[in-house]
Amino acid sequence: MKDGILRVWDINREKIIQSAATDSQICSLLWLPKTSKLMTGQGLPRNQMTIWKYPMLINSSELYGKYFGHKGRVLHVALSPDESRLFSVAADGTACVWTCHESGES
């Protein structure tokens with residue numbers, strides 16, 4: 001089912017706590033412990049990765065581009081053990097390594 005909605009559930013009460021429209025298919029999800037953010041790997045139309053501020057699910061940043069990144073939907077995202085790099089793999093056969101920066105760094 002493709003509805004393009006990211007939802008956070010309270011599984012004990014079986015209720016949605018927060019939701020946000022992504023305007024695309026969500027293919028993968030990752031929790032970023034150092035920053036308490038969520039990352040989604042997405043499909044069409046932009047095949048991007050989006051970082052969401054938790055718990056409000058405000059779009060914090062998007063990782064995609066015309067000359068780098070993925071041309072197919074992002075199937076999997078992973079975080080290195082030291083949380084310094086993100087890894088992504090897409091349906092187009094590409095794998096990317098992204099360097100993580102603390103907020104305020106360039």
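Residues are numbered from 1 along each chain as its sequence is written. In this predicted model, local features need pLDDT of at least 70 and side-chain atom pairs count only at pLDDT 80 or more, while totals for chains, interfaces and linings use all residues; side-chain values use heavy atoms, with hydrogens and water left out.

Strands are DSSP runs of E with at least two residues, numbered from the N terminus, and two of them pair if DSSP finds at least two bridges between them. Strand β8 (residues 85–90) runs antiparallel to β9 and is joined to β9 by five bridges. Phe-87 has Val-97 in β9 as its bridge partner.

The ring centres of Trp-31 and Tyr-54 are 5.4 Å apart and the planes stand at 85 degrees, so the pair is edge-to-face. Rings of Phe, Tyr and Trp (its six-membered ring) pair if their centres lie within 6.5 Å; planes under 30 degrees apart count as stacked, over 60 as edge-to-face and the rest as tilted. The pair links distant parts of the chain, 23 residues apart: Trp-31 belongs to strand β3 (residues 26–32), and Tyr-54 to the loop between β5 (49–53) and β6 (58–63). Trp-31 is partly exposed, with a relative accessible area of 39%, and Tyr-54 is partly exposed at 35%; buried means under 20%, exposed over 50% and partly exposed in between (1.4 Å probe, protein chains only).

Conventions: Helices (H or I, at least four residues) and strands (E, at least two) are DSSP runs, numbered from the N terminus.
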